[in-house]
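Let's go through this one together, question by question. Have a look at the model first.

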Amino acid sequence: MLDTHELTRRPGTMREVARVVAAPSDLGTEVIGVPEGADMTLGLRLESVMEGVLVSGVVRATAVGECVRCLDDVSTQVTVRVQELFLYPERATAAEESGDEDAEDEPVLTDDLADIEPAVRDSLVTALPFQPLCRPDCPGLCSECGARLADDPGHHHDVVDPRWAALQTMLEESGVSDETKES
């Protein structure tokens, strides 16, 4: 919540706000997000305009999660721009009465306080990587045994084509050696 009391009803006035706040809960996706209580740096400008108070600026935070390929920990800096107009209550009421369908979705100042959490959440969560990687060329895990392919680049499994499985079984039952099979 940002206090806009000194700005309200005086178009053209401005105030800069720089602070570090604790991240709210559920700021991210299942794969990556900003942990609850982690530091978020806000660099905002609050400007009084005819309709209300315009809040704009930058939010920085560190998102943590797991690589979608190898499940290693991932940590990435996220910087997003935020811009939101908070309407004066009487402006919001007048817009709704005039039939403006979008007016009910606009944020409104409540007791000269601007709740910027929804704007920060919308900007930050959409900026997070959809599929975070520990590095761009991460080879991931073996689909057969789960071994980390980065630790063993030559890792492989000899897999018999299921269409030949019956023949493989017959060869093993007849006692044919590997040397005979190769020739």
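Trp164 counts as exposed because its relative accessibility is 53%, and exposed means over 50% relative accessible area, buried under 20% and partly exposed in between (1.4 Å probe, protein chains only). This is a predicted model, where local features need pLDDT of at least 70, side-chain atom pairs count only at pLDDT 80 or more, and totals for chains, interfaces and linings use all residues. Residues are numbered from 1 along each chain as its sequence is written, and side-chain values use heavy atoms, with hydrogens and water left out.

Reader: Where is the place of Trp164?

Author: Helices (H or I, at least four residues) and strands (E, at least two) are DSSP runs, numbered from the N terminus. Going by those, Trp164 sits in the loop between helix 2 (117-127) and helix 3 (165-174).

Reader: How many helices and strands are there in the protein chain?

Author: Read along the sequence, the pattern goes β-β-β-β-β-β-β-α-β-α-α-α. That makes eight strands and four helices.

Reader: What share of the residues of the protein chain count as buried?

Author: The protein chain has 183 residues. Of these, the buried share is 27%.

Reader: Which element has the lowest mean pLDDT?

Author: pLDDT is the predictor's confidence in each residue, from 0 to 100. The chain's mean is 81, with 87% of residues at 70 or more. Among the elements, strand 4 (residues 32-34) has the highest mean, 91, and the lowest, 52, belongs to helix 4 (residues 178-182).
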